[in-house]
Amino acid sequence: MANRLEKEDSPYLQQHKNNPVDWWPWCDEAFELAEKENKAIFISIGYSSCHWCHVMEETVFEDAECAEILNKDFVCIKVDREERPDIDKHYQEVHMLLNRRAGGWPTSVFATPQNKPFFAGTYIPPVVSEINPSAMGFKELTQLIALKVGESDKQLFENADEIEGFLNNIEHPKEATVLKEDFSKNFMLQVKSNYQTSVGGFSVAPKFPHASTLNTLLTIDKLYDDPAAKAMVTHTLNSMKKGGMYDLVDGGFCRYSTDDKWLVPHFEKMLYDNALLCDVYTQSYLTYKDDSYLKTAKEIADFWYNNMSEDTLFYSASDADSEGAEGTYFVYTYAEIYNVLEENNYEDIESMCEAMSVTKSGNFEGKNIIHFQDGNIPEWFEDVKILLQKLRQSREYPFIDKKVQTSWSSMMINSLFKLGAIDNRYHEKAIKSLHALLETMFLEGVLYHTTLIHKEPKVEAFLEDYAFISQALLSAYKYTQDELYLIHAQRFINKALAEFYTKGMWNFSAGEFTTKAEISDNTYISSVSIMVDVLLTLGTLLEDEKYTHFAFKTMEYNSYELGRKPIYSPYMLTQVFRYLKGDRIIKSSIDNFKHFSQELANIEYPFTFYKATQESSYLICGEKSCFANTSQINDINQLISNSFKVN
């Protein structure tokens with residue numbers, strides 16, 4: 001019999017509607033019941049494509065004994081972190097406070113009947129694990145908690161009060177420091193110390209793509225002609241696209257690699273990763289003129305547009321698991337590949353299999369992930385890829401989370417506009433998706449965070465939604481010169497300033513949970529850093545210093561940590577460079593912007609914007625004056641470069 005989650009829209013909550021656990025969605029009634037009946041609260045947070053969330057469901061929430069304990073002594077609440085990131089951020093802070101280390105998903109939190117948390121963990125096995133015999137299993141832990149809450153254990157309740165006090169205490173930076181381009185030296189030292197010289201990337205397993213770090217290295221190379229930055233970017237991008245974490249058959253990146261070599265991925269695909277990596281590969285193509293980067297960027301965009309969208313709205317994620325196991329859809333036996341090549345009259349099949357890293361023993365649990373070890377993908381793979389796609393068509397596709405999220409969708413739209421400067425097909429797709437997103441998520445003057453596709457949105461927007469949709473709108477303005485996009489962006493930025501900003505500090509949410517927004521680029525780029533970006537852009541385009549002032553105050557507020565640990569906030573570091581060096585504006589006719597979009601996209605200076613005028617030539621301007629005019633588009637790079645030279 002289904003529980004209360006049956007009536008929820010969230011795909012993650014729907015996955016748990018038939019658990020024997022008597023789940024509640026996040027609502028006042030659940031907390032009122034806990035206090036009335038003096039029951040402890042269990043809050044479980046996850047998302048639909050989370051592998052370990054599925055494992056905990058199978059081992060704990062489907063277990064009759066675990067469910068009996070929970071239903072008898074707890075009020076149990078399920079939260080989709082993608083639907084309610086404000087709740088998730090609050091309880092990630094709880095986990096950090098209680099465990100002195102970052103959390104993850106699933107997040108498992110126990111609280112008093114008054115909803116004061118006192119215990120936080122991630123995946124908790126049903127019984128004591130051999131891997132960690134000192135930690136209690138779920139059954140033992142819940143029985144102990146139920147006993148202590150039932151007895152009104154004094155120490156437990158005092159600890160909960162103390163934790164709540166810490167959570168309510170907002171820490172402000174101890175001091176500010178002068179913003180300097182020299183921050184780049186510290187950043188490079190820190191990045192080099194983390195860099196993996198053999199395979200690229202900035203961590204050991206699990207290995208994440210760190211798109212924001214790559215983008216900042218790319219900016220440093222553009223600004224300062226830094227060979228080390230270039231080497232780290234190109235080596236990492238080359239290593240990642242060999243296959244494995246990058247799906248060479250269908251396209252698109254998986255969330256992370258479980259090994260050091262980018263070979264064995266965690267097979268879920270997230271919209272935000274693919275959007276940000278599409279941008280990195282596009283910008284790297286424009287910088288280094290490597291056609292394989294453009295090919296990868298287009299494959300990412302095509303995969304999401306063709307397989308993970310509906311009515312030009314983007315789905316949020318696809319699962320790692322299908323047919324009861326992780327990666328089943330993505331991998332191949334040696335016999336499968338050998339036979340399909342033989343049936344299609346290929347010769348020298350053994351060497352083709354060797355090139356694709358396909359062996360009888362396999363490279364993943366006896367099966368094979370397609371991977372080109374030397375990074376060179378032969379021409380014959382374009383045809384073979386179609387055969388490999390057909391083999392996949394007979395398999396069950398992993399679960400797709402059909403949520404539409406304003407922030408994540410805006411990231412992809414922003415990348416499509418940049419790709420569209422090279423290939424107009426993506427420009428048209430970006431416009432259609434932006435209009436569909438606004439029609440779906442901006443209703444009667446209210447911006448919303450998420451909704452299931454074709455459903456009415458209910459969760460209002462957070463800072464990240466205002467930030468990323470403003471960035472997408474400003475890209476739309478840059479590449480179309482339609483001032484309606486600029487007006488929309490200004491409206492959202494003004495609303496965000498009014499709702500989330502106080503004296504250099506930004507809150508992520510401003511409702512039930514007033515959570516301070518981070519400046520570190522964790523799962524994806526910090527919404528605070530994106531706000532600095534859009535404020536600087538608006539200040540430049542509107543010649544309105546108040547927006548530039550808000551951007552500066554935000555950077556100043558965070559300057560002490562940014563100067564000491566820039567590796568945690570690479571995107572904000574990029575905005576520091578931008579603020580100190582200044583934007584450049586190209587003024588010309590709309591026809592010039594339209595007909596010479598690719599030539600303009602090749603301008604090397606990273607902080608360049610467009611403004612339509614009646615000029616038939618190209619007028620180059622700085623913050624408060626224009627300093628050059630040319631009829632030759634190929635002269636623009638040098639004119640901008642000359643503007644930074646000291647006489």
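Which residue caps the N-terminal end of α4? Asp63 does, with a side-chain oxygen 3.0 Å from the backbone nitrogen of Glu65. That counts as a polar contact (a pair of N or O atoms within 3.5 Å; within protein, one must be able to donate a hydrogen and the other to accept it, and residues adjacent in sequence count only if both atoms are side-chain atoms).

Some ground rules. This is a predicted model, where local features need pLDDT of at least 70, side-chain atom pairs count only at pLDDT 80 or more, and totals for chains, interfaces and linings use all residues. Residues are numbered from 1 along each chain as its sequence is written, and side-chain values use heavy atoms, with hydrogens and water left out.

Now the whole chain. There are 26 helices and 24 strands in its secondary structure. Both are DSSP runs, numbered from the N terminus: helices are H or I with at least four residues, strands E with at least two. The radius of gyration, taken over C-alpha atoms, is 26 Å. The globule rule (2.2 Å times the number of residues to the power 0.38) gives a close 26 Å for 647 residues, so the chain is as compact as a globular protein of that length. The C-alpha trace spans about 80 × 70 × 45 Å along its principal axes. Of the 647 residues, 58% are buried. Buried means under 20% relative accessible area, exposed over 50%, partly exposed in between (1.4 Å probe, protein chains only).

Strands pair if DSSP finds at least two bridges between them.

Look at β2, residues 40–46. It pairs with β4, residues 107–111, in the antiparallel sense over five bridges. Ile41 stands opposite Ala111 in β4. Contact means heavy atoms within 4.5 Å.

On to the other side of β4. It pairs with β5 in the antiparallel sense over four bridges. Ala111 stands opposite Pro117 in β5. The two strands form a hairpin with five residues between them, and Asn115 in the turn has a positive phi of about 60°. Is β5 mostly covered or mostly uncovered? Mostly covered: four of its five residues are buried.

Back to helix α4, residues 64–73. Cys66, Ala67, Ile69 and Leu70 are buried there. Seen down the axis of α4, the buried residues fall within an arc of 160°, so they line one face of the helix. That arc is of the directions from the helix axis to the C-beta atoms. They pack against β2, α3, β3 and α6 (138–150). The face turned away carries the exposed residues Ala64, Glu68 and Lys72.

Last stop: Ser470, in helix α18 (residues 463–480). Ser470 is buried, with a relative accessible area of 0%. Leaving aside neighbours within four places in sequence, Ser470 contacts Ala489, Phe492, Ile493 and Val534.
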